[in-house]
Amino acid sequence: MKLRRNLARSVISHTSAFAPAIFAAIIAAIVVWMATNWRLERSLADERSIVAGELATISSRLQTNLNSNVKLLQGLAAGIAVNPGMDQDGFSKLAAEILKPDSQLRSFAAAPDMVVRWVYPEKGNEKAIGLDYRTNEKQRAAAMLARNTHNIVLTGPVELIQGGTGFVVRYPIYINDGKSQIFWGLLSGIVDIPKLYQESGLASTELEIAISTVPEPNAPKQVFFGSLATFSRKPVQASVDITYGRWTLAALPKQGWGQNNGIGIFEFYASLLAFCVVAPIVWIGFLTKSRQRTIEKLRLHKKKLVRARQRLEYLSLHDALTGLPNRRFVDRMISQPPRPSPQDCLIFIHIDLDRFKEINDTKGHAGGDAVLQETASRLADLAGPNDVAARIGGDEFIFASWSVDPEPKANALARQIVDALEQPLFIDGAACVVGASVGVAWESEGALGPDLGQLLLNADLALYEAKKAGRGRAAVFTEELRSAAIHAKELADEFNQALDRDELVAFFQPQFDADTLDIVGVETLARWDHPQKGLLAPDKFLEVAERLGRTGDMDRLILQKALFELTRWDSLGMQIPRVSVNISARRLAQANLLAELSELPIAKGRLCFELLETISLNALQPVLNEIIPAVKKLGIEIEIDDFGTEHASIVSLLRFEPRRLKIDREIIKPIIASPSQRRLVSSIIEIGRSQNIEIVAEGVETMEHAKILKDLGCHILQGYALARPMTSEQLIEFCRVRDNGMTEAGR
């Protein structure tokens with residue numbers, strides 16, 4: 001027993017010196033394991049990023065090629081709609097003009113009354129003539145879908161009756177008999193599948209790609225390109241939107257994930273590094289009894305700590321990416337200004353890059369980092385001995401300088417900075433222009449040593465003013481800017497109180513039938529009955545509402561007032577068919593919108609929502625795809641307001657099947673003197689009629705406007721020539737006087 005105790009003590013005595021080495025070995029093993037896992041994850045992430053980029057390019061090409069084919073088909077459909085009675089020769093001539101030699105469309109087929117009568121080219125497609133889509137089980141469903149939805153339908157791959165396979169694009173054609181839109185038939189285009197795949201990059205990629213008609217396929221028939229197994233191997237996915245459907249693309253390297261990650265070499269070097277860390281500790285274990293060496297090592301360690309502290313201090317005051325001083329450095333400079341001389345005034349120039357987000361979106365974070373580094377380099381080149389160029393966050397920079405006469409130097413520096421950052425820089429070999437807006441503020445003469453933090457805020461206010469004026473500009477802080485900021489804050493506080501105090505009121509502007517001038521509806525307009533400033537139009541408070549995030553609350557309040565007045569008008573026997581209210585993007589995005597609307601006691605067609613063109617086509621597109629159909633199911637009509645003020649795609653616009661389009665007043669106003677403007681309005685009206693959409697003209701300022709619009713075929717008129725916005729009481733009196741006048745006139 002005693003021998004065992006002595007042996008145990010001896011083992012403990014000899015191994016205690018190596019405890020740090022054992023501990024370090026364990027830590028090193030853990031670090032190597034964690035580093036290996038990190039490297040694996042990083043390698044896989046990089047690999048997936050590369051695959052995602054290539055797949056995005058392929059899906060974009062595929063989407064573009066499909067859209068190009070649809071555009072060609074639309075052009076041919078427009079020709080048929082103009083001359084629906086043409087024969088085979090006429091159809092062939094028209095199709096030959098539209099079908100490009102390099103097009104992926106290889107043939108067209110026109111089916112009046114759902115039966116194929118004309119084909120192009122005729123040779124090789126004779127078997128398709130006489131095909132009745134209503135009786136053909138393989139093609140009936142897609143054909144009827146195109147007819148019933150009034151939309152283009154893409155199906156495939158489809159086995160063609162004339163032989164082979166292809167994607168079939170079907171376009172329903174409607175003709176105008178002067179009274180209504182009549183279904184004429186279908187126009188079909190056959191897309192050459194190999195050519196589409198080749199020109200979209202599917203045939204030349206090094207990726208394993210599969211395409212499915214559903215997001216998560218579970219059967220081979222749901223995958224028409226590639227293999228179903230691709231979807232089960234953790235692929236990168238992308239999508240291609242087609243009418244009434246979406247294709248899902250899945251991709252991964254042909255050799256699989258993680259085949260070339262070099263993890264073996266990484267593990268070797270990591271293990272070697274761990275060994276290099278552990279080995280000295282083992283050696284130290286042999287020297288623990290050497291006091292002198294231990295003291296020397298402690299002294300060296302202390303020096304390292306001092307250097308590390310100095311390094312950390314430097315890093316805490318400088319930006320890691322650009323090497324410039326950071327916000328903490330600027331804050332320290334403000335609290336302890338290194339004034340070169342007692343008479344020097346501090347100049348602050350706040351810089352914000354104009355197109356940085358575009359670079360990040362198109363070139364990725366690597367491109368954005370390159371822009372920031374180049375910007376820092378150019379600012380550093382402009383800095384003098386006592387100047388400071390700093391990055392305070394994101395794409396924002398500060399340039400600080402000193403001068404006895406600050407105004408001319410500040411203006412000169414601002415111009416130099418704007419000019420320097422306006423020069424092109426190169427990212428991946430491509431020239432890019434970023435540019436910057438700057439705000440300038442300085443200490444006033446005779447008032448040295450004020451709150452320099454406020455000086456930075458002044459530069460920020462000037463920057464905001466420069467941004468409002470446009471890109472590539474410099475603005476100097478003035479007391480008017482401070483007053484405007486204070487006024488904006490006061491107005492925001494007052495608007496919040498206005499909503500709580502019910503100070504928003506509803507005005508109504510009637511809309512008139514262009515032929516009979518009967519009232520066919522009213523548009524609800526918001527006004528603010530300010531206690532001191534009187535009645536304010538939306539241009540005085542709408543920006544404040546959007547900045548506060550209260551546009552949804554404002555829309556809800558105006559809708560309630562409009563429906564209350566509509567009920568009141570009905571009780572008075574007034575003939576107001578419907579009331580229209582504006583709806584904001586924030587209101588559309590509210591989760592409880594549909595629940596609130598479903599509880600409203602409104603009859604179908606009595607309420608209409610007006611959407612700005614910018615909202616319906618650019619912002620909240622995924623939300624709109626779900627919300628708009630649900631709103632229409634509740635019996636609420638949809639109008640597109642201010643049509644023509646943006647660059648919207650007509651196809652995208654009509655996807656929501658609005659009941660009406662409102663032509664903006666800026667387009668209507670010049671039609672009296674401008675024939676080209678009249679032709680533009682006429683074209684918009686024809687587009688509306690072709691899609692069974694009513695056209696509302698805003699800004700009808702004279703009866704001459706009304707006559708021209710009536711002759712052009714416009715359905716509804718709205719403007720000061722017929723009636724101005726008015727309160728509910730004024731509208732009731734307006735309708736009473738109007739009805740009395742019509743009674744006296746014998747109407």
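**Sheets, cores and selected residues in a predicted model**

The side chain of glutamate 698 makes a polar contact with the side chain of lysine 662, at 3.3 Å, a polar contact being a pair of N or O atoms within 3.5 Å in which, within protein, one must be able to donate a hydrogen and the other to accept it, with residues adjacent in sequence counted only if both atoms are side-chain atoms. The model is predicted, so that local features need pLDDT of at least 70 and side-chain atom pairs count only at pLDDT 80 or more, whereas totals for chains, interfaces and linings use all residues. Residues are numbered from 1 along each chain as its sequence is written, and side-chain values use heavy atoms, with hydrogens and water left out.

Glutamate 698 is found in the loop between β24 (694-697) and α22 (703-712), where helices (H or I, at least four residues) and strands (E, at least two) are DSSP runs numbered from the N terminus. Glutamate 698 is buried, with a relative accessible area of 5%; buried denotes under 20% relative accessible area, exposed over 50%, and partly exposed the range in between, with a 1.4 Å probe and protein chains only. Not counting residues up to four places away in sequence, glutamate 698 touches Glu523, Asp641, Asp642, Lys662, Ile663, Asp664, Arg665, Ile668 and Gln718, contact being defined by heavy atoms within 4.5 Å.

The protein chain contains 23 helices and 25 strands, and 43% of its 747 residues count as buried. Among the contacts in the protein chain with a separation of 6 or more, 65% are accounted for by residues 24 or more positions apart.

Strand β1 (residues 105-112) is joined to β2 by 3 bridges, and the two run antiparallel, with alanine 109 standing opposite valine 119 in β2.

The buried residues of helix α5 (residues 193-200) are Ile193, Leu196, Tyr197 and Ser200. These residues lie on the same side of α5 because they cover an arc of only 95° around the axis, the arc being that of the directions from the helix axis to the C-beta atoms. At the start of α5, a side-chain oxygen of aspartate 192 reaches to within 3.3 Å of the backbone nitrogen of lysine 195, and the helix is followed by glycine 201, whose phi is positive, near 95°.

Another open sheet of 5 strands has the order β11-β12-β10-β15-β16, with mixed pairing. Strands β11 (388-393) and β16 (474-476) stand at its edges, each with a single partner strand, so one side of each is left without a neighbour in the sheet. Strand β15 (residues 436-442) runs parallel to β16, to which 3 bridges join it, and valine 440 stands opposite valine 476 in β16. Helix α10 (residues 406-422) lies across β10 (345-353), β12 (396-403), β15 and β16, running at about 20° to β10. Helix α11 (residues 452-469) also packs on the sheet, where it touches β10, β12, β15 and β16, and its direction makes about 145° with that of β15.

In soluble globular proteins, nonpolar side chains tend to be buried together. The largest nonpolar core has 54 residues, and those with the most contacts inside it are Trp569, Phe609, Leu709 and Leu717; a nonpolar core is a set of buried Ala, Val, Leu, Ile, Met, Phe, Trp, Tyr and Cys residues joined through side-chain atoms within 4.5 Å. Helix α14 (residues 551-571) contributes the largest share of this core, 5 residues. Apart from this core lies another, of 50 residues, among them Leu73, Leu76, Phe108 and Ile173.

Alanine 250, in strand β9 (residues 245-253), is buried, with a relative accessible area of 0%. Leaving aside neighbours within four places in sequence, alanine 250 is in contact with Glu208, Ile209, Ala210, Thr230, Phe231, Pro235, Val236 and Gln237.

Key
Pairing = 2+ DSSP bridges. Axes fitted to C-alpha atoms, helices over the stretch in contact; angles between N-to-C directions.
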